[in-house]
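Welcome! Take a moment to turn the model around on your screen, and then let us walk through it together.

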Amino acid sequence: MCLKYLLLLDTAAFDITVTSPLSPKFVSEAGVSAGVAAKAAESRKYEQNDTKCSELGWQCIPLAVETYGAWGVEACNALSSIAMREAILTNCSKSQVLGDLYGRLSIVLVRANARAILARSLQVADMQVDAMDY
């Protein structure tokens with residue numbers, strides 16, 4: 001999605017991605033430090049998008065979040081900038097706006113996780129039924 005990066009006033013491409021810290025390549029490190037999978041996802045998004053964004057004159061801003069809610073550094077910085085601009089426009093405190101923003105995003109993440117779990121459980125149930133059909 002292409003939006004104005006509110007404080008820099010540059011055109012930016014926000015690339016949202018959700019990643020799991022339970023992936024085998026992150027699980028041992030993720031047990032010690034939150035955000036490991038999000039950091040890797042940010043790097044991957046930069047590799048995938050930086051060249052194209054540069055060609056278009058855009059700034060690439062990956063918004064990576066882990067399935068358990070840890071946000072990447074780039075996402076935190078972007079959301080903080082958005083919250084600051086919103087706070088100025090609405091005459092609210094930045095912390096209140098940022099808290100509300102993270103709260104709404106957390107609800108979206110929880111709902112998406114629930115849908116993913118439900119879809120997976122339905123797939124497993126279908127496979128079990130298919131296995132019995134012989």
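Which residues does Leu 79 touch, not counting residues up to four places away in sequence? Leu 79 touches Trp 71, Leu 98, Leu 101, Tyr 102 and Leu 105, where contact means heavy atoms within 4.5 Å.

A few words on how to read what follows. This is a predicted model, in which local features need pLDDT of at least 70 and side-chain atom pairs count only at pLDDT 80 or more, while totals for chains, interfaces and linings use all residues. Residues are numbered from 1 along each chain as its sequence is written, and side-chain values use heavy atoms, with hydrogens and water left out.

Let us begin with confidence. The protein averages a pLDDT (the predictor's confidence in each residue, from 0 to 100) of 84, and 84% of the residues score at least 70. Confidence is highest in helix H2 (residues 36-56), at a mean of 94, and lowest in strand S1 (residues 2-5), at 39. Over residues 1-9 the pLDDT stays under 50, and the model has 27 contacts beyond four places in sequence for this stretch. Where pLDDT is low, the predicted coordinates should not be read in detail.

Now for the overall plan. The protein has four helices and three strands; helices (H or I, at least four residues) and strands (E, at least two) are DSSP runs, numbered from the N terminus. Read from the N terminus on, the elements follow the order β-β-α-α-β-α-α. Of the contacts with a separation of 6 or more, 54% join residues 24 or more positions apart. The accessible surface comes to about 8,800 Å², and carbon and sulfur atoms hold 59% of it; these areas come from the Shrake-Rupley method with a 1.4 Å probe, and for residues only the protein chains shown count as cover. Of the 134 residues, 29% count as buried, which stands for under 20% relative accessible area, with exposed over 50% and partly exposed in between (1.4 Å probe, protein chains only).

Ala 12 lies in strand S2 and counts as buried because its relative accessibility is 0%. Leaving aside neighbours within four places in sequence, Thr 19 is in contact with Phe 26, Ala 37, Ala 38, Ala 41, Val 65, Glu 66 and Thr 67.

Next, follow helix H3 (residues 73-90). Its 18 residues reach 25 Å from the first C-alpha to the last, close to the 26 Å expected at 1.5 Å a residue; the expected span is 1.5 Å times one less than the number of residues. The buried residues of H3 are Ala 75, Ala 78, Leu 79, Ser 80, Ser 81, Ala 83 and Ala 87. Ser 80 counts as buried because its relative accessibility is 18%, and Ser 80 touches Lys 94 and Leu 98, not counting residues up to four places away in sequence.

A nonpolar core is a set of buried Ala, Val, Leu, Ile, Met, Phe, Trp, Tyr and Cys residues joined through side-chain atoms within 4.5 Å. The largest one has 15 residues, of which Phe 14, Ile 61, Leu 63, Trp 71, Ala 78 and Leu 79 touch the most other members. Strand S2 (10-19), strand S3 (59-66), H3 and helix H4 (94-132) each supply at least two residues of this core, and the largest share, five residues, comes from H3.

Asn 91 has a positive phi of about 60° although it is not a glycine, and at 73% relative accessibility Asn 91 counts as exposed.

Finally, what about the cysteines? The whole structure holds zero disulfides, a disulfide being a pair of cysteine sulfur atoms within 2.5 Å. For Cys 60, the nearest cysteine sulfur is that of Cys 53, 4.5 Å away. Cys 60 is buried, with a relative accessible area of 6%, whereas Cys 92 is partly exposed at 34%.
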